Every structure is written in structure tokens, then in C-alpha cells.
Amino acid sequence: MTTYAVTGATGKLGRLVLDELLARTDAANVVALARDPSALADYAARGVRVRQADYDDPASLDAALAGVDRVLLISGNAVGQRERQHGAVIEAAKKAGVSYLAYTSVLNAQASKLLLAAEHVLTENLLGNSGLNYDVLRMPWYSENYTGALGPAIEHGAIYGATGEGRLSTATRADLAGGTVGALLNSPGGKVYEFAGDQSWSMAEFAAEVGRQAGKPVQYVNQSEPDYAKTLEGAGLPPPVAGFLASTSYLAGFGELYSDSKDLSTLSGRPSTPISQTIAAALKG
Ligand SMILES: NC(=O)c1ccc[n+]([C@@H]2O[C@H](COP(=O)([O-])OP(=O)(O)OC[C@H]3O[C@@H](n4cnc5c(N)ncnc54)[C@H](OP(=O)(O)O)[C@@H]3O)[C@@H](O)[C@H]2O)c1
């Protein structure tokens with residue numbers, strides 16, 4: 001019997017990973033790590049072993065990974081703290097003698113100019129020096145990042161960005177959970193997987209599809225990076241968040257969020273979700 005542990009199991013990706021694992025292995029083989037175990041009472045009721053663990057508390061990680069064979073380390077969301085936090089999980093995994101660890105990094109991490117890539121590279125480097133058997137699962141942008149607020153875009157007939165004609169290889173969290181569990185269950189380790197949607201799209205194509213489904217014209221308005229940051233601030237985002245998103249949007253214009261890799265659909269065993277379907281799901285509510 002192989003035991004699989006999932007960190008970040010309370011998150012949006014983590015829960016989908018648990019769902020996918022439960023569809024493919026016995027609940028008794030699954031250990032879900034949570035800062036607050038009560039948040040996963042629904043999974044505990046299905047037979048998942050839920051253990052308390054905080055990336056900021058190494059002793060909790062040691063206890064949570066005891067007896068585990070294969071670990072999924074889902075990157076945390078505390079920007080600036082993550083090298084230390086992920087390092088604590090890696091150390092605990094070493095102590096527990098796990099046979100495999102998979103880490104969720106970012107697309108093309110080592111060459112990426114995206115601001116958030118630095119912490120992923122630092123974590124990849126920690127893994128490289130850890131002596132562990134591991135895979136890197138490099139994630140694209142979630143399709144849901146683009147479909148979360150379509151109402152105002154449809155109302156104003158405009159979607160803003162700084163990506164120009166750059167193409168995006170997004171995938172849904174559910175697609176990524178499928179590929180991630182494929183690796184967690186079956187990958188031998190020693191691999192870097194670039195997870196990307198099977199079909200890429202441009203912002204203009206995205207806006208046209210939103211308009212088609214809404215029955216109302218929606219156009220893509222391309223802005224300079226600073227102007228797009230101002231647009232986002234005008235929509236109520238704090239300046240640091242607006243700046244980060246504008247930078248990401250601009251860099252995506254140079255292919256930073258594009259890959260033609262088919263690792264994702266190969267590992268998940270199913271095609272990724274076309275952006276048109278993600279738009280349709282968002283419009284349904
Ligand atoms: N590819 C993309 O487009 C994209 C976008 C956003 C984020 N990400 C990255 O992908 C990760 C997963 O995405 P998501 O959508 O599932 O994010 P999410 O819903 O924000 O989930 C983050 C998870 O990290 C856990 N976590 C945070 N700090 C922790 C700590 N100190 N100790 C233990 N667990 C901690 C959270 O636990 P709690 O429930 O206790 O808070 C939660 O389970 C994110 O954390 C981020 O690194 C990727």
C-alpha cells in the first residue's frame with residue numbers, strides 16, 4: 001500500500017487533487033495536510049486521513065509526513081516566505097524518508113521573467129540539492145484567472161490587458177489536478193513536466209469568444225503595462241497587486257505563459273478544457 005500526502009489540501013487546487021486521488025485510489029491511502037484540519041471535515045468523513053501541518057511549523061510537518069511514501073507539495077501563497085516554507089516541507093520529507101515528492105512550480109520556471117518565478121526557482125534549486133527523488137510540475141496560469149469577473153467586461157464590451165498578441169496556454173485547476181495526480185500516482189521521478197493547456201489562445205480571441213457567448217460584442221483593448229496597471233487600480237486593486245498583474249500580462253505578450261508541451265494531457269489521460277468551455281461555465285455561474 002502506498003501512502004500519498006497532499007499539502008495545501010484546503011486550497012482550490014488541493015481540493016480538486018483530493019477529489020482526483022479519491023477517484024483513483026482508496027481514501028485510506030490519502031493523507032491531507034491542513035493548517036486547520038476542521039476545514040477538511042468533508043474529506044475526513046470520506047476516509048481521508050487529515051493531519052495538521054503549517055509550513056511555518058517544521059515540527060508539525062515532521063509529524064504530518066511520518067509514514068508517507070509520496071508527497072505533493074502545493075506551493076504556498078505567502079509571497080516572500082515561500083523558499084523558507086517550501087524548504088521546511090522538503091526537510092520534513094527527507095526526514096520521513098519519502099520515496100517521491102512532486103512540487104508545483106511555474107511554466108518555464110528557470111527561464112521565466114515573471115516576477116513570481118524567482119521563488120519557484122529557489123524551491124526547484126532546494127529540491128535539486130535535497131537528494132530526494134522528485135518531479136517538478138510547472139503550472140501555467142489558471143484559465144479561471146481570466147473568467148472570474150466577466151460581468152463588467154460584458155457590460156462595458158471591453159477586456160483590458162497588456163499582452164498584445166501573445167498566446168496563453170492556460171488550463172483549469174481541474175485539468176491541473178488531473179495531471180498532478182497522474183504524476184503523484186505513476187511518475188518515477190527525475191522529471192520536469194511543463195503543464196500547459198492543449199490549445200493556446202490570444203486575448204483578442206478570448207474577448208471575441210466571451211462576446212459570442214454573451215451575445216454582445218466584447219473587444220480586447222491592449223494597453224501599455226503602466227496604463228493597464230492604472231486600469232486595474234481604477235477597478236479597485238491595491239497598487240502592488242495591480243503592478244504585479246500588469247507585469248505578468250505584459251510579459252505574457254512575449255510568450256512567458258505559453259508552451260506547446262502536451263505533458264498535462266498525457267499525464268492526466270484526458271484533453272485539457274478549451275477556454276470556450278471555461279467561459280461557458282463562468283457565464284452559467
Ligand atoms: N497557476 C496560477 O494561475 C496560480 C494562481 C494563483 C496561485 N498559484 C499558486 O498555486 C498554489 C495553489 O493554488 P490554489 O488556487 O489552490 O491557491 P489557494 O486556494 O490560495 O490555496 C493555497 C493553499 O496553501 C495553503 N497554505 C498557505 N500558507 C500555508 C502555510 N503556512 N502552511 C500550510 N499551508 C499553507 C492554504 O491553506 P489555508 O487553507 O490554511 O490558507 C491553501 O490550502 C497557490 O498557493 C500559489 O502558490 C497559481
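Which helix does A44 lie in? I looked it up in this predicted model, and A44 sits in helix 2, residues 41-44.

Next I checked how open A44 is. Its relative accessible area is 39%, so I noted A44 as partly exposed, since that label covers values between 20% and 50%.

Then I jumped to G97. A44 and G97 are 53 residues apart in sequence, and their C-alpha atoms are 25 Å apart in space. G97 follows helix 4, and I wrote down its phi as positive, near 70°.

That got me onto helix 4 itself, residues 82-96. I wanted to see if its length made sense: at 1.5 Å a residue, its 15 residues should span 21 Å, and the end C-alpha atoms are 21 Å apart, so the two agree.

What is buried in helix 4? I listed R82, Q85, H86, G87, A88, V89, I90, A92 and A93. These buried residues pack against helix 3 (58-65), strand 4 (70-73), strand 5 (100-106) and helix 5 (117-128).

Last entry: a helix pair. I needed two values here, because packed helices are described by the angle between their axes and the distance between the axes. Helix 9 (residues 203-214) and helix 13 (residues 275-284) pack at about 45°, with axes 10 Å apart. That angle makes helix 9 oblique to helix 13. I noted their crossing as right-handed.

Which residues meet there? From helix 9 I found F206, E209, V210, Q213 and A214, and from helix 13 I275, S276, I279, A280 and L283. Sorted by class, I got seven nonpolar, two polar and one charged residues in this contact.

Technical notes:
Residues are numbered from 1 along each chain as its sequence is written. This is a predicted model: local features need pLDDT of at least 70, side-chain atom pairs count only at pLDDT 80 or more; totals for chains, interfaces and linings use all residues. Side-chain values use heavy atoms; hydrogens and water are left out. Helices (H or I, at least four residues) and strands (E, at least two) are DSSP runs, numbered from the N terminus. The expected span of a helix is 1.5 Å times one less than its number of residues. Buried means under 20% relative accessible area, exposed over 50%, partly exposed in between (1.4 Å probe, protein chains only). Contact means heavy atoms within 4.5 Å. Axes are lines fitted to C-alpha atoms, for helices over the stretch in contact, and angles run from 0 to 180 degrees between N-to-C directions. Angles under 35 degrees count as roughly parallel, over 145 as roughly antiparallel, 65 to 115 as roughly perpendicular and the rest as oblique. A crossing is left-handed if the near helix is turned anticlockwise from the far one by less than a right angle, and right-handed if clockwise. Ala, Val, Leu, Ile, Met, Phe, Trp, Tyr, Cys and Pro count as nonpolar, Asp, Glu, Lys and Arg as charged, and the others, Gly among them, as polar.
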